[in-house]
Amino acid sequence: MLDRRRETGLSATMRTRAGAIAEAGGVDAAIVAGTVPAVIETTLSEALVLALALQGVTKYLAIFGHGSTDLGEVLRVYGEEGVTRTVNCRNEVEMAHAATAFAWQYGEVPAVVTSIGPGALQAMAGSLAAASNGVGVYHIYGDETTGGEGYNMQQIPKEEQGLFGRLTATMGESYVLHTPSALRDAMRRGALKVNHPYKAGPFYLLLPLNTQPELVTLNLAAMPRKPQLPTMAPADTQALDQACDLLRRHRRIVIKAGGGTRGHDAALRRLAEAIGAAVVLSPGSTGVLPDHHPQNMHVGGSKGSISGNHAMENADLLVAIGTRGVCQADCSGIGYPSAEAVININGDLADATHYNHTVPLTGDIGAVIDALLTRLEATGGLSLDDKREWLDACGRQKAIWAQFKTERFEAPAVHDPVWNRPVLTQPAALHVVAKYANETNAVKYFDAGDVQANGFQVVEDDRTGQTYTETGASYMGFAVSALLGNVLAEKPEYGIAFTGDGSFMMNPQILIDGVEHGVKGTIVIFDNRRMAAITGLQKAQYQHEYKTNDGVAVDYVAMAGSVSGVKALWGGTSAEELRAALQAARDHDGLAVIHVPVYCGDDPLGGMGAYGSWNVGNWVEDVQQKYLHQTI
């Protein structure tokens, strides 16, 4: 048991303060109650924890080292008093992913804590997922001392100042707390970045080893809180009238729903139905329009789908909503060869003006759509009669895609030379698991690679939040790490991580961390013994695969089963066996792993196909020539 009588001075004061905050229900409540004064003297480390708590940030994922011992001591005391919660992890990339997934899924900002040097670099690498998908997370790293007494172990060994601050500022936004009294400014900048309504991302706080224990006088009442930002939409009608005119003049309208449309399901549906548009999804926006909706043409892009890419290629008006126009989403700039004009709804000015011949409607997606529909109605409405032929043509392509999917979902096991037996194809196995997840209200997380590429073509979601696929950075190891984020939630959802054998081995420590922190979820390893997505790309471009596989067989059931508390299951070689394994995993009160062998080869039933263009490899010349003549 902790002997609190041994704590004296600052430590005793810190514990008293933490206890008062816990009893009052928060820092502001403790100030109002008079149990914590607004102006206090404390260390920078405690000041930071208090400042974060004032923004609602009380959950931490951490790997402590010599660069974070002082902050760790504060979190120990505040954790014991019930003000904060800290989850210790075994890999910085893993915890960066877990933090990203938690913030993305539950809408609450957490903080990641590492030491100095390699740990910080790993966490920063993992933060690429947050930066790419617009997810706000605080990253707190140790940093070299400010006194210049000599090299600090694990700093960048170069005679320059602030190198880690410069590195992190390149990834997102960064603040080096060289001066403890600068905390107010740091927290103001950080609050806006992690809570930005359209362009959130990681904010990096660098804590020099020597400033963490330095005393600072802190006015808690002056610390920035979480910003309450107004919903914005165009204030004048000029741009709205231009957009209405385009909607009336064009007959073949496509809405490209990017990742920013997540959570705007109802608004997107109202717009699509009001203007007679075919809706094409990005990999990260599945579910914003129900899968069965007749105007949902599914995913489009360099991987895409038959129906989604048909709509992109033949539309004469593009309505881009919440999308950055990422290469794989718009076929490296040539995905809309028939488009004459663009209406772009986005909160970010650069993204809203990404295409030429654009009417930009900047602001909150829901507010902009409401304003556009109101203006459309006020100026005479819009007839859908001239849109019927377009929607019927798209509907026929959707029926073809549906039949194409069914053939692959129902495909029998195919003999695989590596497994030397018939095994499920990737689409068939993915469909079994995705369907089971939807039937049992489990959240799906997809890892990068062939599993992800086929996965966003396979999933059949009806609302935002059924699937999280990290397509912004396509980071291997994201899905399994994402399961850990659920332990921070007040009401955790059951999760199923879809991962390939290569992606799983990027972050296998989830087996230990998952048991340690009580993760309830399932990892499904779709094992084709290769980097199948790259194998397929190599064959499509150069007719040969090169160095994308190995000859090492891994018994993942034995591997996972060696970790106490993990239920390890063989997924079998049939849909029936796989479904049975999924149910056995769900019945387990903890973390389960299912190992499923899947086919990789030239059989057309073994994949979902590719339908667009991509500016890579020996396709570059053709794509860039087409881009040269792309007017939007």
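How many disulfides does a search of the whole structure find? In this predicted model, the search returns 0 disulfides. For C331, the closest cysteine sulfur belongs to C327 and lies 9.7 Å from the sulfur of C331, which is too far for a bond, given that a disulfide requires the two sulfur atoms to be within 2.5 Å. C331 counts as buried, at 4% relative accessibility, and C600 is likewise buried, with a relative accessible area of 18%, a value under the 20% limit that defines the class.

Confidence in the protein chain averages a pLDDT of 94, and 99% of the residues score at least 70. Over residues 1-5, however, the pLDDT is below 50, and this stretch has 6 contacts in the model beyond near neighbours in sequence. Where pLDDT is low, the predicted coordinates should not be read in detail.

Attention then turns to G363, which is placed in the loop between strand β14 (358-362) and helix α14 (365-378). At 4% relative accessibility, G363 counts as buried, and, when its neighbours within four places in sequence are left aside, G363 is in contact with Y198, M232, N346, G347 and V368. The C-alpha atoms of G363 and P197 are 9.4 Å apart in space, although 166 residues separate G363 from P197 in sequence.

The second largest pocket has a volume of about 380 Å³. Its lining comprises 17 residues, of which E144, T145, E160, Q161 and G162 are the closest to the centre of the pocket. By class, this lining is made up of 9 polar, 6 charged and 2 nonpolar residues.

Conventions: Residues are numbered from 1 along each chain as its sequence is written. This is a predicted model: local features need pLDDT of at least 70, side-chain atom pairs count only at pLDDT 80 or more; totals for chains, interfaces and linings use all residues. Side-chain values use heavy atoms; hydrogens and water are left out. pLDDT is the predictor's confidence in each residue, from 0 to 100. Contact means heavy atoms within 4.5 Å. Helices (H or I, at least four residues) and strands (E, at least two) are DSSP runs, numbered from the N terminus. Buried means under 20% relative accessible area, exposed over 50%, partly exposed in between (1.4 Å probe, protein chains only). On a 1 Å grid over the protein atoms alone, a cavity is a set of points where a 1.4 Å probe fits but cannot get out, and a pocket is an open set with protein on both sides within 12 Å along at least five of seven lines; lining residues have an atom within 4 Å of a point. Grid points are joined across faces, edges and corners, and a volume is the space filled by probe spheres set on the points. Ala, Val, Leu, Ile, Met, Phe, Trp, Tyr, Cys and Pro count as nonpolar, Asp, Glu, Lys and Arg as charged, and the others, Gly among them, as polar.
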